Amino acid sequence: VKLEILKFVMKKSFERADGVIFHSQYAQHLISQFASTKNNVVIPTGIREEFYHTPRKVSFNGNVPINLLYVSSVFLYKHQWHLIAGVEKLRNLTGRDIRLRLLGDGEPQAMRKLRKSLESIGNPYYIEYLDDLPVPYKKLTAEYKNCDIFVFASSCENLPNNLLEGMAAGIPIACSNSAPMPDILKDGAEYFDPEDSDSIAESLSKLMDHPPRAFEKAKRAYELSREFTWERCTKGTFGFFQDILNERVVK
């Protein structure tokens, strides 16, 4: 009921507005199915420069741990528990020292689900969930820099900032195949079904078993991340404002 009320209120807001800015084409397409707008434009947000790091080659061999990172709030559509199950399966199947670091807090129901999934496998040392959250924003650059693979397992997004930051960090990415993630990453990631732990394990395995392919994916994601600049966002936003004002003056 709450969501239906919100949908009705937002629909009216969209239709009354002189202009609407969308962060992604996916959002523009989705909203257009139930609300008409007078004027609209797609203007993505940008990535702060400190998140950029030149893609580096990784070997994923020997006894060195393979460090995975998932930066995201904990909600039912974020699927941290499926990722945990996928990592557990891959560790058991391959015997490799795969470690997962989860950063982000969220709503109670999803938090309980996350903690239950950790308890079911004995709260292992190799899956770390930080309780002192949220993580200070300034520390995130170090988190990206110190991981080997970035994972993004959400099934419902508009333009996820954490995914953009992971792209800029120059590391291989295993990502949900739900829209709009493939529109953003294109061929710069290995994709998986975020609600299927086997699919997640397979996607991670493809990166770990083929380091040159993982490096190429990381380079591609890094190249694509350069399209998301705050300069582009600023110019596009104020340019759209000016167009709306000019239209009102003419009328």
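**Exercise 1.** Over the ring of which residue does the charged end of R226 sit?

*Solution.* Note to begin with that this is a predicted model, in which local features need pLDDT of at least 70 and side-chain atom pairs count only at pLDDT 80 or more, while totals for chains, interfaces and linings use all residues. Residues are numbered from 1 along each chain as its sequence is written, and side-chain values use heavy atoms, with hydrogens and water left out. A charge sits over a ring if NZ of Lys or CZ of Arg is within 6 Å of the ring centre and within 35 degrees of the ring normal. The charged end of R226 sits over the ring of Y52, 3.7 Å from its centre. K7, in turn, lies over the face of F34, 5.2 Å from the ring centre.

**Exercise 2.** Determine how the rings of Y52 and Y222 are arranged.

*Solution.* Rings of Phe, Tyr and Trp (its six-membered ring) pair if their centres lie within 6.5 Å, and planes under 30 degrees apart count as stacked, over 60 as edge-to-face and the rest as tilted. The structure holds 8 aromatic pairs. For Y52 and Y222 the centres are 5.9 Å apart and the planes at 90 degrees, so this pair is edge-to-face.

**Exercise 3.** Decide whether Y52 and Y222 are buried or exposed.

*Solution.* Buried means under 20% relative accessible area, exposed over 50%, and partly exposed in between (1.4 Å probe, protein chains only). Y52 has 13% relative accessibility and therefore counts as buried; Y222, with 17%, is buried too.
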